[in-house]
Structures are given as structure tokens and as C-alpha cells.
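Visitor: I have a model open here and would like to go through it with you. Could you show it first?

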Amino acid sequence: SDPCSLDELGLAALSTLRFAVFVVSTTGQGDPPVNMRKTWQDMLAASLPETLLADLKFAVFGLGDTRYREFNYAARKLHARLKRLGGDPFFRIGLGDDQHDFGFEQELDPWTEGM
């Protein structure tokens, strides 16, 4: 499937995927990006079954900045919620830091190579 935002995909389509790689920025004070907020709110519903994403193998890479207290908060929260809905991470979470001397690539390069 082609890359798209989480909101373009939606929760119903997400629940049918077998593999997904999420690249997530954090905005404001730990907020998810605008293009995932609708689906993120849907994912937080307490009524969702814990097996909703049982067929999903996933990986998450966060785009963050250690100058902010909520460093990579959206990526960490998404990773945790995907797991709570039954998803299985096939690779460790990657937490990119824009403040590193080499920028996001310091974490992204080994993350993608390891995958």
C-alpha cells in the first residue's frame, strides 16, 4: 500500500492491515500531528476490543526534539496503544532527535538498517 496519513487510512482500514510502519511527529506540548488526530481519538475509545489489531505487525519511528519535555510523546503513545489493541511490534521503537548533531538520521539510519 502507498504511504498515507493515519487519518487517510482510518481505524477500520487499520484493523485490516497485516504490516505497517508509522512515522510520527510530536507537535505542541506532546500533541499528535493534525493528520492523525481523528483516528487517534477513535483508537482511544474504551469500547475497542483488545484484539482489534491482533493481525497487525508494526514498527514506529518518532520525529522529536529533546528541547521539549514531551520528547517523542506521540510516537511513544501510538506504540503503546497499538500494543494494547493487540498489535505486535516487529521492530523496536525508534526515537529520532532533531537536536542531535546528525539530526534524525542518527537514529533513523540504524533503525532502518536493522529492520
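Visitor: Which residues does Met-43 touch, not counting residues up to four places away in sequence?

Guide: With those neighbours left out, Met-43 touches Leu-6, Leu-11, Leu-14, Leu-48, Leu-78, Arg-81, Leu-82 and Leu-85, where contact means heavy atoms within 4.5 Å. Please keep in mind that this is a predicted model, in which local features need pLDDT of at least 70 and side-chain atom pairs count only at pLDDT 80 or more, while totals for chains, interfaces and linings use all residues. Residues are numbered from 1 along each chain as its sequence is written, and side-chain values use heavy atoms, with hydrogens and water left out.

Visitor: What does the chain average in pLDDT?

Guide: The chain averages a pLDDT of 94, and 100% of the residues score at least 70; pLDDT is the predictor's confidence in each residue, from 0 to 100. Confidence is lowest in α4, at a mean of 92, and highest in β3, at 98; helices (H or I, at least four residues) and strands (E, at least two) are DSSP runs, numbered from the N terminus.

Visitor: Back to the inside, how many residues has the largest nonpolar core?

Guide: That core has 18 residues, and those with the most contacts inside it are Leu-14, Phe-22, Val-24, Met-43, Val-60, Leu-78 and Leu-82. At least two core residues each come from α1 (6-14), β1 (19-25), α2 (37-43), β2 and α3 (73-84), with α3 giving the largest share, four residues. A nonpolar core here is a set of buried Ala, Val, Leu, Ile, Met, Phe, Trp, Tyr and Cys residues joined through side-chain atoms within 4.5 Å. Buried means under 20% relative accessible area, exposed over 50%, and partly exposed in between (1.4 Å probe, protein chains only).

Visitor: And Leu-85, buried or exposed?

Guide: Leu-85 counts as buried, because its relative accessibility is 1%. Leu-85 lies in the loop between α3 and β3, and its contacts, again without residues up to four places away in sequence, are Met-43, Leu-48, Pro-49, Glu-50, Thr-51, Leu-52, Leu-53 and Ala-54.

Visitor: Switching to charges, how many salt bridges does the count come to?

Guide: The count comes to four salt bridges, taking a salt bridge as a side-chain nitrogen of Lys or Arg within 4 Å of a carboxyl oxygen of Asp or Glu. One of them joins the side chains of Asp-88 and Lys-57, at 3.1 Å from N to O; this pair links distant parts of the chain, with Asp-88 in strand β3 (residues 88-89) and Lys-57 in strand β2 (residues 57-64), 31 residues apart.

Visitor: How far apart are the closest N and O atoms of Arg-92 and Glu-107?

Guide: They are 2.5 Å apart in that salt bridge, which also links distant parts of the chain, since Arg-92 sits in the loop between β3 and β4 (94-97) and Glu-107 in helix α4 (residues 105-114), 15 residues apart. Arg-92 itself is partly exposed, at 39% relative accessibility.

Visitor: Last one, which residues form the nonpolar patch on the surface?

Guide: The patch is formed by Phe-19, Val-21, Val-23, Phe-90 and Met-115, with about 480 Å² of accessible area together. Patches are made of residues with over 30% relative accessible area and no salt bridge, like charges being joined within 9 Å and nonpolar side chains (Val, Leu, Ile, Met, Phe, Trp, Tyr) within 5 Å; accessible areas come from the Shrake-Rupley method with a 1.4 Å probe, and for residues only the protein chains shown count as cover. Phe-90 is found in the loop between β3 and β4 and is partly exposed, at 35% relative accessibility.
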